[in-house]
Amino acid sequence: MKDVKRQVEIGPRPSGTAALAEARARITESLRQAGWEVEAQEFEHAPVPKQGEMHFINLIARFPADKSRSASRDAQSVIIGSHYDTKRMDSIRFVGANDGASSTGALLELARVLAKAPALASRIELVFFDGEEAIVQFGPPETGPDGLVGSRHYATVLRDTGRAKQFKFGIVWDMIGDADLTVTLPRDTPPALSASLFAAAEALGVRRKFGFASGDFSDDHSPLNLIAKIPAMDVIDFEYPPWHTSADTMDKLSAASLETIGRVTLWMLAKELGK
Ligand SMILES: [Zn+2]
């Protein structure tokens, strides 16, 4: 929750701003303190062609199994991601406590917890996506060009370098901090992943907080599925009235909700990677 607050206190954090650079510096510092190596994956892209190219930066964290050398790039088999940008809103002050900061802060806590289990940590790739939010309107997940910019670039690099093949699955967290937590998985979630997540929730006594949305929607998991061909799920709570309003603030969140998502995800990881 402190990491969530440290993001929110920066203020609005749209792609390409100095505020997002500050958010990135805080994320990087927290990851390095927990023993993770951080790669800044930088690229240029024009989400709205007539407005020209913008600079985007995904942060990718890997944990070295052996402290005497740097983390290899072929040991990871699961991706866990969150977007860290917030939607640019010209008419309101939008700080994205739930939409952007909640999953980012929780992922930093997950990094610290995983660091206590180095063998498991070395099999996880943590990704903080830039450019999830559309500047004007989302295009198709495979092509954009607006929205899901960071995850589309990351997935394309995985595909083109052949790294995609090493990953068993991916989990994206988005809007996981609402005190009234109701996870609404998209209907098209790969069934093996929803079953595994629900089994973990059942084992931890929180199954009633997890269900399906009434339909499908795109998020940062979509390019992983469609471009990198890695089964990926979006753990998201879309039953959140303050979504994309100035009321998406810290007072709507609870640490208990972040903990629920963290524990369920860790349980699922231990089950899936323990096999
Ligand atoms: Zn959003």
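This is a predicted model: local features need pLDDT of at least 70, side-chain atom pairs count only at pLDDT 80 or more; totals for chains, interfaces and linings use all residues.

User: How are H3 and H8 oriented to each other: parallel, antiparallel, perpendicular or oblique?

Analyst: Helix H3 covers residues 97-114 and helix H8 covers residues 255-274. Their axes lie 10 Å apart, at an angle of about 50 degrees. Roughly parallel needs an angle under 35 degrees, and roughly perpendicular needs 65 to 115. The angle therefore makes H3 oblique to H8.

User: Is the crossing of H3 and H8 left-handed or right-handed, and which residues of H8 make the contact?

Analyst: H3 passes H8 in a right-handed crossing. From H3, the contact uses Ser 102, Ala 106, Leu 110, Val 113 and Leu 114. By class, the contact has six nonpolar, two polar and no charged residues. On the H8 side, the residues are Leu 258, Gly 262 and Leu 266.

User: Which helices each supply at least two residues of the lining of the largest pocket?

Analyst: The largest pocket holds about 310 Å³ of space. Of its 16 lining residues, the closest to its centre are Ala 106, Glu 109, Ala 255, Leu 258 and Glu 259. The lining divides into eight nonpolar, two polar and six charged residues. The helices that each supply at least two residues are H1 (2-8), H3 and H8.

User: How much space lies in the largest cavity?

Analyst: The whole structure has one cavity of 30 Å³ or more. Among the 16 residues lining the largest cavity, Ser 15, Met 54, Asp 85, Glu 133 and Ile 135 are the closest to its centre. Its lining has seven nonpolar, four polar and five charged residues. The space in the largest cavity is about 110 Å³.

Notes:
Residues are numbered from 1 along each chain as its sequence is written. Side-chain values use heavy atoms; hydrogens and water are left out. Axes are lines fitted to C-alpha atoms, for helices over the stretch in contact, and angles run from 0 to 180 degrees between N-to-C directions. Helices (H or I, at least four residues) and strands (E, at least two) are DSSP runs, numbered from the N terminus. Angles under 35 degrees count as roughly parallel, over 145 as roughly antiparallel, 65 to 115 as roughly perpendicular and the rest as oblique. A crossing is left-handed if the near helix is turned anticlockwise from the far one by less than a right angle, and right-handed if clockwise. Contact means heavy atoms within 4.5 Å. Ala, Val, Leu, Ile, Met, Phe, Trp, Tyr, Cys and Pro count as nonpolar, Asp, Glu, Lys and Arg as charged, and the others, Gly among them, as polar. On a 1 Å grid over the protein atoms alone, a cavity is a set of points where a 1.4 Å probe fits but cannot get out, and a pocket is an open set with protein on both sides within 12 Å along at least five of seven lines; lining residues have an atom within 4 Å of a point. Grid points are joined across faces, edges and corners, and a volume is the space filled by probe spheres set on the points.
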